[in-house]
Amino acid sequence: MIDLIIKNAHVATATDTFKCDIGIDKEKIIFLERDTKQKSKEIIDANNNFVLPGGIDAHCHIDQPMKDGSVMADNFETGSLSAAFGGTTTIIPFACQYKGENLREVIKDYHHRAENKSYIDYAFHTIISDVNKKVLGQELPAIIKDGYSHFKIYMTYEDLKLNDKDILNVLEVAGKEKAVVMIHAENDDCISWLTEKLEEKGKTGPKYHSFARPDVVESEATNRAISLSRIVNTPILFVHVSGKETIDIIRNAQSRGFKILAETCPQYLFLTKDDLDKDDFEGAKFICSPPPRTVEDQQHVWRGLNNGTFQIFSSDHAAFRFDDDKGKMMNGKNSSFKKIPNGLPGLETRLPLLFTYGVLKNKISLNKFVELTSTNPAKIYGLYPRKGTIAIGSDADLVIWNTKVKKKIANKDLHHNVDYTPYEDKEINTLANTVISRGTIVCCCSCTQGIRRHHSRHHRIHKAKRNIWKADH
Ligand code: URP
Ligand code: ZN
Ligand code: ZN
């Protein structure tokens with residue numbers, strides 16, 4: 001008797017689409033066969049709905065301490081629950097090193113933050129902000145050997161930014177140790193200069209955040225980072241790429257054979273800079289960096305998802321509550337945009353939005369959806385084939401999707417600890433119906449009628465909290 005069988009699954013991976021029953025035992029997929037005669041302790045009928053590999057959200061910030069007095073809204077309990085309800089079964093948040101901190105200690109601290117809290121699997125990227133001899137010579141190579149072989153560096157933010165020489169040094173180590181370097185590309189001096197000019201003119205409302213960080217700030221930094229990567233011959237991955245100008249630079253570099261990867265996020269498909277221009281400080285809800293751009297930019301982001309410029313689609317969930325003295329309002333409604341915490345919630349809405357507006361509206365194929373949201377993140381960050389696909393021997397991380405939903409996103413239905421969603425009232429036609437993490441049903445909707453009940457108490461939420469799970473290579 002095996003643990004679980006999912007009958008009548010319409011499976012899609014990054015490359016194939018087929019119908020079968022899925023056998024699951026001891027957390028793994030053990031068979032994929034039609035009309036199985038095998039017996040199991042539990043059966044779920046997928047009713048020919050799509051069953052996809054669980055989503056991997058490879059860019060999210062959870063319980064990350066901040067230096068400005070703000071506090072992130074989500075810890076590993078609420079963040080992982082929200083992710084699970086959105087069809088994600090693995091999250092890769094950041095363990096962030098501030099200056100003077102030892103990298104192994106930082107990682108230990110984040111494992112402690114997550115321990116016995118997460119409903120789904122997690123691994124960590126690190127953020128490297130202190131580039132000195134000890135970090136370059138000992139700490140960074142050591143954590144890469146431990147399996148933390150992907151990290152982010154910043155070209156902006158006072159506490160985190162690296163100069164070009166630091167970046168070259170970090171890239172050199174990454175090249176030697178075969179680590180993946182994620183880059184937040186925005187030119188900090190330009191942002192600071194533009195911010196001063198805006199403030200001199202009294203232009204300090206939320207909408208001016210995007211005036212201080214125009215496309216050229218991002219494209220300049222992207223271009224420079226590509227040059228740095230060429231100098232040391234180390235691949236790099238640009239995170240949260242926002243629009244046409246930067247996409248063109250990345251595409252051009254890729255077509256010249258440089259090893260450049262790129263990620264984008266829902267905010268660059270579904271929001272624009274006009275959202276920052278909402279009255280009564282509401283624009284602060286949309287402040288993130290880089291900022292959302294224009295409708296035309298959104299078209300280029302869709303194109304980049306389709307034509308292979310982007311390999312990864314992540315949420316960049318970095319959530320702060322709005323009406324909260326540790327959140328967006330921490331410095332009051334009249335505060336300058338530069339003092340408003342940066343970041344948006346998105347763990348739970350990432351996949352329903354991309355499925356609805358990408359797959360169901362024929363902008364991307366179902367296989368592309370799986371590739372961008374699960375398979376590629378698993379491959380790039382060393383989790384494949386354990387994660388990121390539906391295959392015999394892979395972890396049974398599976399999502400049954402309901403694609404006949406007619407519903408508007410409402411923050412009251414979401415499971416994060418945030419008092420708003422930037423996507424309030426946006427229509428969606430897809431929701432995760434049953435989410436299985438390593439063979440355990442994390443959340444499910446036994447009623448097939450769908451969506452009205454989907455996020456209600458009607459749901460069983462199985463508290464299958466995960467032990468620490470490291471990316472093993
Ligand atoms: O505004 C954003 N994206 N905040 C999160 C931190 C980052 O740079 O990804
Ligand atoms: Zn960033
Ligand atoms: Zn981020």
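User: Hi! How far is a nitrogen atom of ligand 1 from an N or O atom in the side chain of Asp316?
Analyst: Hello! That distance is 2.7 Å, a polar contact here (a pair of N or O atoms within 3.5 Å; within protein, one must be able to donate a hydrogen and the other to accept it, and residues adjacent in sequence count only if both atoms are side-chain atoms). This is a predicted model, where local features need pLDDT of at least 70 and side-chain atom pairs count only at pLDDT 80 or more, while totals for chains, interfaces and linings use all residues. Residues are numbered from 1 along each chain as its sequence is written, chains are lettered from A and ligands numbered from 1 in the order in which they are written, and side-chain values use heavy atoms, with hydrogens and water left out.

User: And what about His61, how far is its side chain from an oxygen atom of ligand 1?
Analyst: An N or O atom in the His61 side chain sits 3.2 Å from a ligand 1 oxygen. For His59, a polar side-chain atom is 3.4 Å from an oxygen of ligand 1.

User: How much of ligand 1 does the protein bury?
Analyst: The protein buries 95% of the 270 Å² that ligand 1 exposes when taken alone (Shrake-Rupley method, 1.4 Å probe; for residues, only the protein chains shown count as cover).

User: Which residues come nearest to ligand 1?
Analyst: Out of 13 residues around ligand 1, the nearest are His61, Lys152, His184, Ser289 and Asp316; being around the ligand takes a heavy atom within 4 Å of it. Strand 6 (55-61) and strand 10 (150-154) each give at least two residues to that shell. Strands (E, at least two residues) and helices (H or I, at least four) are DSSP runs, numbered from the N terminus.

User: Switching to metals: which protein donors does the zinc ion (ligand 2) have?
Analyst: Lys152 (NZ), His184 (ND1) and His240 (NE2) are its protein donors, 2.1 Å away. Donors are N, O and S atoms within 2.8 Å of the metal (3.2 Å for Na, K and Ca), and sites may look incomplete because water is not among the atoms. Lys152 belongs to strand 10 and His184 to strand 11 (residues 180-184), so this pair ties together parts 32 residues apart in sequence.

User: How far is the zinc ion (ligand 3) from the zinc ion (ligand 2)?
Analyst: The two zinc ions, ligand 2 and ligand 3, are 3.9 Å apart.

User: Now the backbone. Is the Ser289 to Pro290 peptide bond cis or trans?
Analyst: The Ser289 to Pro290 bond is cis, with omega near -10 degrees. Pro290 is in the loop between helix 9 (267-270) and helix 10 (295-307). Tyr384 to Pro385 is cis too, with omega near 5 degrees.

User: What is the phi of Lys26?
Analyst: Lys26 has a positive phi of about 50 degrees, although it is not a glycine. Lys26 is in the loop between strand 2 (17-25) and strand 3 (28-33).
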